[in-house]
Every structure is written in C-alpha cells, then in structure tokens.
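Q: Hey, could you walk me through this one? I'm new to reading structures.

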Amino acid sequence: MCATCGCSGTTAPHEHGHGHTRVITLELDVLAKNDQLAASNRRFFAEHGIVALNLMSSPGAGKTTLLERTIRDVGGELAVSVVEGDQASGLDAERIRATGCAAVQINTGSGCHLDADMVARGIRELGPPDGSVVMIENVGNLVCPALFDLGERAKVVIMSVTEGADKPLKYPQMFRAADLMLLTKVDLLPHVDFDAGRCTALATHVNPGLDVLPVSATRGQGLAAWYAWLRTRRP
Ligand SMILES: Nc1nc2c(ncn2[C@@H]2O[C@H](COP(=O)(O)OP(=O)(O)O)[C@@H](O)[C@H]2O)c(=O)[nH]1
Ligand SMILES: [Mg+2]
Ligand SMILES: [Zn+2]
C-alpha cells in the first residue's frame, strides 16, 4: 500500500506527484529477508534429515482432510507432524491432534500467508524428530503463499473440482511455483460441471514440470499414488 496516500500502489499518478518506488522496494526487502530465513530453515531441515512440504490451496479445498487421511494411512510408516496456518482459531491443529499426530497452530491475524519466520517458530515449538516429515498447511489463499519460500523441500497445490477448471490461468504464480498439484474431491466429478482434463492441461501449460495426481481424500481414490510420491521425498 502507498505509505503517503494509502492507495494500492497500482493507481495512475496522483496530484501530489509521488511515485511508488518506495513501496516496491519495501516489498522486495520483505521477500529478501524471508528468503534468508527460508535458507536457514532449509539448512535446519537438511541437517536433521527432515522433509518439509508446503501445502497450499484456496480455503476449503481440502488440505486438512487430506492431511488427516494421510496421517491415518501412512502415519505408521512415516513420522509425520504438522504446522497449521490460519488467520484465527486452533481448529485445524485440533483436527490433526485428534489423529494422534503432533501439530502446532500458527495464527496470522490479518496476515494472509505463512512466512519463513513463522515456520521457524512453529518448528521450534513442534520439535520434529530427525528423519521425519513436516507438513506445513499454509493459510488458504492462492495468491501470496506462492511468493514466500518457507525452506520446504516441495510445494504442493491442492485444487478441488469445485473451484473451476480455469484457476491455473487466473493464479499462474501458484501453479508455476508448485511441484505437485493434487486435484482433489474427484469423488464429486459426477455432480459438478468441471473439466478435469482442461484443468490439468492449463496447469501443465503454466508449469510443464508440474506433477498432477487426481485424488479423493474422503473416498480414497488416487491416494496410493500420492503416498508413492511422498515416499520418493522421504529422508
Ligand atoms: N467430497 C469431498 N469432500 C471433501 C474432500 N476433501 C475435503 N472435503 C470437504 O471439503 C471441506 C473443506 O475441507 P478442509 O479439509 O477443511 O479444507 P481446507 O480449508 O483446505 O483445510 C470439508 O467439508 C471436507 O469434508 C474430498 O476429497 N471429497
Ligand atoms: Mg485447513
Ligand atoms: Zn499474504
């Protein structure tokens, strides 16, 4: 936001004649500082043989449901713990703890993404064991979580079939940043107007290196492939 007049920084030049150079510089500073802290997180994870994954999606796409199911299915094989990010409440961490898995909740208040410093603090509180998997559930938002490196091994975007097949074109930064797209809620495909082939084609158009796996966290469809992908990332 423009510090002088409070505009978004994208409006046409104003009468008071100031530019927006300072705003842009500040944003770059924030990202540069975040990148330093993310590098420190990445070193910590590497030293301890920990695989951290950054799970991102719109609100309600099914991140927590997927985590609950994943922990139930492969928690005996992979030591999993969870960092939960939401603006408010401890609801998701409670859902994860109900599976018997350790979880810490980070509340971002008015913030709309997790940053590397929040994750560092969450990890200190969580104390994940060496050789384990840390799932980081980001704040539900398809925009700025894509910009903030957390020091993770891989970024996973969870896209549900109720969101509209055009989202990879509208939010390309997210789909470009991701290593894997889980196309979830495929159990609902018979009931919604959603072209899964088009969505996959658009996602791989913006990111030709993107892996795509169709899954249903509630019915179990495709989960074996997700667990196989997870095992290839294990320490
Ligand atoms: N039909 C169906 N519903 C799902 C699936 N995964 C999640 N949901 C539902 O979607 C809603 C939001 O899920 P949640 O995991 O809280 O989403 P989050 O905000 O991304 O963590 C809940 O009502 C879930 O039961 C799925 O695979 N199939
Ligand atoms: Mg959630
Ligand atoms: Zn944000």
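**Overall fold**

A: Among the contacts in the protein with a separation of 6 or more, 71% are between residues 24 or more positions apart; a contact here means C-beta atoms, placed from the backbone, within 7 Å. The model is predicted, so local features need pLDDT of at least 70 and side-chain atom pairs 80 or more, while totals for chains, interfaces and linings use all residues. Residues are numbered from 1 along each chain as its sequence is written, with chains lettered from A and ligands numbered from 1 in the order in which they are written.

Q: How many helices and strands does the protein have?
A: Eight helices and seven strands, taken as DSSP runs (helices H or I, at least four residues; strands E, at least two) numbered from the N terminus.

Q: Ok, what about strand β5, is it buried or exposed?
A: Mostly covered: six of the seven residues in β5 (residues 154-160) are buried, meaning 20 or more other C-beta atoms, placed from the backbone, lie within 10 Å of a residue's own.

Q: And which way do β1 and β5 pair?
A: Parallel, over five bridges; pairing takes at least two DSSP bridges. Met-56 has Val-157 in β5 as its bridge partner. β5 also pairs in the parallel sense with β6 (residues 180-184), over five bridges, and there Met-159 stands opposite Leu-183.

Q: Switching topic: which helix gives the most to the shell around ligand 1?
A: Helix α2 (residues 63-74), with three residues.

Technical notes. A residue is buried if 20 or more other C-beta atoms lie within 10 Å of its own, exposed if 12 or fewer, and partly exposed in between; C-beta atoms are placed from the backbone. Two residues are in contact if their C-beta atoms, placed from the backbone, lie within 7 Å.
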